[in-house]
Each structure stands twice: as structure tokens, then as C-alpha cells.
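Hi,

Here is the structure I promised to send over. Have a look at it first, then read on for what I found in it.

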Amino acid sequence: MSSLYPDGNFSDAEYDAYMHYMCANQWTSYPEYVAARSLETFLYPFLLLLATIGNVLSLLAFRHLVATTWSTCFYLHVLCVVDLVVLYIKCGGTWYRKVADSDLSERIMRFSDAMCKTYIFVFNVLLQLWPWLTVALCVELTIATRCPLKTYVMCTWERARAILLLITILLVCLNLNFFWTWGKIDSGGCIYIEEFSTEFMNVIWPSIVMGVEHVLPLLAATVCFFVTTISLLRSSRAQVSRYERVLQNYFLDLQALQQLKHAALVVVLLFLVVKTFTVSYEILNFLDIRGVLRVPCQQLGHFMAKKYLLSVLRDTVLYCYLSLKFCVYFGFCASFRKQCYAHARRILCVCKKSKYAVGGESNRRLLSGNDKFSRSNEVATGNDGVVRLCATSSLITQDATPITTKV
């Protein structure tokens, strides 16, 4: 049976689709949608700023700690780079799209067919890489707590690099399909172009991504987390002291190693929270797409607004995790704090020198002659027995003559 509309006669299926569109068309007016847009507009740039500062300092600090503690610092060192790239692409791209109404990723993929394939391939590899690096961190943490005396044998820098290479190769092989299933169309953008495998695009590939990126890392990290926690609770202070006496022969900074264990355990716990939230949303989204969830037309707009808010909260939780891991390292590890302070002072000194270099000429004209020699002097004795007093200030002009006296 069909019904008459201003545009003509529609079948029952077309009528349902039309009513679905009309019911969902007002979902942007609900407060859930407004709250989600506010998060994307105002919170995301703040997280990007924190992520940039925190990950850069973490990158510099772990570069030193990886040589004095254990190979887990190597995974944390690599994660700083991967986290920052993912944040700039996902979080930064979302914020720019909401503010400027332009999609940078889409513009990059429209540049050429090769860019379309390569960009989406690299981005998916990075999205799947950081969960498995966290799993590798979990495994090493379990070894370091359950079998501490094997830490210096099994948790080495060489082994960590080999595991990183293995994970990367496997993920690259898994995502090679993007080079023949996606492409740039002259009249459109970067889209799925394999016409004979729509079932792969709609069912098989999303299931593979769900398992590789979310479910399997969550299960592996959960097992390692509980094994590590039980081992820490069962270990006595006498056992820890005995292990430390042995391990101090193999690690230069044993205190940092013990502190980073607790920091890594907190990072893994936060990882479990993020992935649990993500998997829950993906299951809800899958049920909605498959039509399992039957929502009345009068409530469809409100349901879509709530679903959109959940998707934004899922991304926000992920971005907070990637941005604020620096705070966990900073709070638990004294050696990490020391390295951060040292690198922060070095960066500030470089910025200050650059400022003086840019405004040096104007500063020279403003300073009086007495101010040129107001800084401490440097004493240097030559082979001829003459003590030369040279002003160390960088503001001394070239015609300043050093003062010399005989010893």
C-alpha cells in the first residue's frame, strides 16, 4: 500500500526512510548536541596545547631515561611521537573543521590519488599502533613485577626495537588493502572504489578494525594488568629489597625503574578505561546501524543527539588520555621531573638568547656605557704572566679593550 505526498507516490520503504529523515532532521536543536559542539570548540585546543608541551618534554626526558633504566622507556618514548601525531590529525582536525568549517584531512586526500591512498593508510596504521605499543608496555610491566630478576634479560632495548618492528610490519600488512580499495575520483574526493567488495567494506573490514584496534588490545592489557596487580600485592618488602640488590648491578637508575613501574601501571589502568568506553560505544553504534535498536520517530532526534554526545565524549576521553599521560610520569618519577626541569630551563635559555639576538642592536643603543660592564668579569691568565679581565656580558661592543695587569 502506498500513500500520496506532494512529491508523488512512495512505497512503504520510501515512506519509512522519508519519515526517518524528517524525525532526525531536528536533532541539532537538542542540548546534547550543543554541549558536544562546545567540547569540540573550546576544550580541544586546550588539550592540543597541553599535549604539545607534555609530549615534547616527555620525549626529551625519556631519551635520557631509556639509557639508564629499562626498555619500557623506549615504548613510552615512541608513544610520545605517535600520540602527538594522532592528536594533531584527529583532535586538531576536528577542532579546525568545527571552527573554520573546512576539513584539512579531506583537502590533503583530494590533492592526488597517491596522497589519498597513502594518507589514509598511514593514519590507520598509527591508530592501530599506539594500542599495541601499550600492550607491549603491559607485557614488560608484567615481566618486571612477576619475574623481576629476568628484567635485565628480557626487557632490553634491542628486544623492544625488534618488537616495535614486528608490530609495525604486521599492521602495515594488514592495512595494505587501502592502496587498491581507496582512490581519488576526479569528480569527487577520496572514496572507497572497489565495487565488487561492498560486503568487505561494510561488514568484514569494520569487524577486523574493531578486533585489532580495540577488542584484542583491551583483552591483552586486562590480563596483564590483573597479573601485575596481583604480583605487586603479593610481593613483600623483603623480596623487593632482595631483588633490588641484584638489579642494582644491571640498572644505573634503579629508583627511576621502580617509580616508572607504578607510573606505567596507572597508564595501563587509564588505557583500560578508555578502551572500555570506546568498545561500548562501538557496540552501540553497530546495533544502531544494523537496525537492532528500534527508536520511535518522536524520539529519534533526541536519540541521535545523545549518540553524537557519546561519540564526542569517547573522543574526548581518548584525547585526554593521550594528552595528560605526562602528568602521570611527572607525578610518579623523580628522575623524570629532574629531566623535565633541565630541558625546560634549556629551552627557556634558548628562547631568551634568541630574543636578545633579535633585539640586540636596539638594546645596545638603549644601554648606557656603564651598563655594558655591569656583569661579572672573567679572569684569564696567559702564558706571558698577564692577567686579563674580560667582561663576559654579550653586550660589550667590539671596541671594548680588555684591562690587563702584571702578576
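This is a predicted model: local features need pLDDT of at least 70, side-chain atom pairs count only at pLDDT 80 or more; totals for chains, interfaces and linings use all residues.

Below are my notes, going from the whole chain to single residues.

**The chain as a whole**

The chain has 14 helices and seven strands. It runs to 407 residues, and 38% of them are buried. If you take the contacts with a separation of 6 or more, 73% come from residues 24 or more positions apart. The exposed surface comes to about 23500 Å², and carbon and sulfur atoms supply 64% of that.

**Helix α5 and its two partners**

With its 34 residues, α5 reaches 50 Å from first C-alpha to last, close to the 50 Å expected at 1.5 Å a residue. How much of α5 is buried? The count is 26 of the 34 residues, so the helix is largely enclosed by the rest of the structure.

Two of the helices packing against it are worth a look. As a reminder, a packed pair is described by the angle between the two axes and the distance between them.

From α5, the contact uses Phe121, Val125, Gln128, Leu129, Trp132, Leu133, Ala136 and Glu140. On the α7 side you'll find Ala160, Ile163, Leu164, Ile167, Thr168, Leu171, Val172 and Leu174. By type, that contact has 13 nonpolar residues, two polar ones and one charged.

Now α3, which spans 72-100. The angle between α3 and α5 is also about 145°, and the axes are 9 Å apart, but here the crossing is left-handed. The α3 residues involved include Tyr75, Leu76, Leu79, Val82, Val86 and Ile89. Among those they meet in α5 are Tyr119, Phe123, Leu126, Trp130, Leu133 and Leu137. This contact divides into 17 nonpolar, two polar and three charged residues.

**Two aspartates**

Most residues other than glycine have a negative phi. Asp101 is not a glycine, yet it has a positive phi of about 55°. Where does Asp101 sit? You'll find it in the loop between α3 and α4, the latter being 104-109. Asp101 is exposed, at 71% relative accessible area.

Asp113 belongs to helix α5. Its relative accessible area is 34%, so Asp113 counts as partly exposed. Away from its sequence neighbours (up to four places), Asp113 touches Gly183 and Lys184. Gly183 is 70 residues from Asp113 along the chain, but their C-alpha atoms are separated by 5.5 Å.

- Thr228 is in helix α9, residues 198-234. At 1% relative accessibility it is buried. Setting aside neighbours within four places in sequence, Thr228 is in contact with Leu141, Thr142, Thr145 and Leu265.
- Thr151 is in helix α6, residues 151-154, and is also buried with a relative accessible area of 1%. From Thr151 to Leu141 is 10 residues in sequence and 9.2 Å in space, C-alpha to C-alpha.
- Gly211 is another residue in α9. Is Gly211 buried or exposed? Its relative accessible area is 16%, and buried means under 20%, so Gly211 is buried. Beyond four places in sequence, Gly211 touches Leu216 and Pro217. Its C-alpha is separated by 9.7 Å from that of Val279, 68 residues away along the chain.
- Ser323 is in helix α12, residues 297-332, and is buried at 2% relative accessibility. Leaving out neighbours within four places, Ser323 is in contact with Leu47, Leu50, Ala51 and Leu87. Ser323 and Thr52 are 271 residues apart in sequence, but 8.0 Å apart C-alpha to C-alpha.

That's everything from me for now.

Cheers

Key: Residues are numbered from 1 along each chain as its sequence is written. Side-chain values use heavy atoms; hydrogens and water are left out. Helices (H or I, at least four residues) and strands (E, at least two) are DSSP runs, numbered from the N terminus. Buried means under 20% relative accessible area, exposed over 50%, partly exposed in between (1.4 Å probe, protein chains only). Contact means heavy atoms within 4.5 Å. Accessible areas come from the Shrake-Rupley method with a 1.4 Å probe; for residues, only the protein chains shown count as cover. Ala, Val, Leu, Ile, Met, Phe, Trp, Tyr, Cys and Pro count as nonpolar, Asp, Glu, Lys and Arg as charged, and the others, Gly among them, as polar. The expected span of a helix is 1.5 Å times one less than its number of residues. Axes are lines fitted to C-alpha atoms, for helices over the stretch in contact, and angles run from 0 to 180 degrees between N-to-C directions. A crossing is left-handed if the near helix is turned anticlockwise from the far one by less than a right angle, and right-handed if clockwise.
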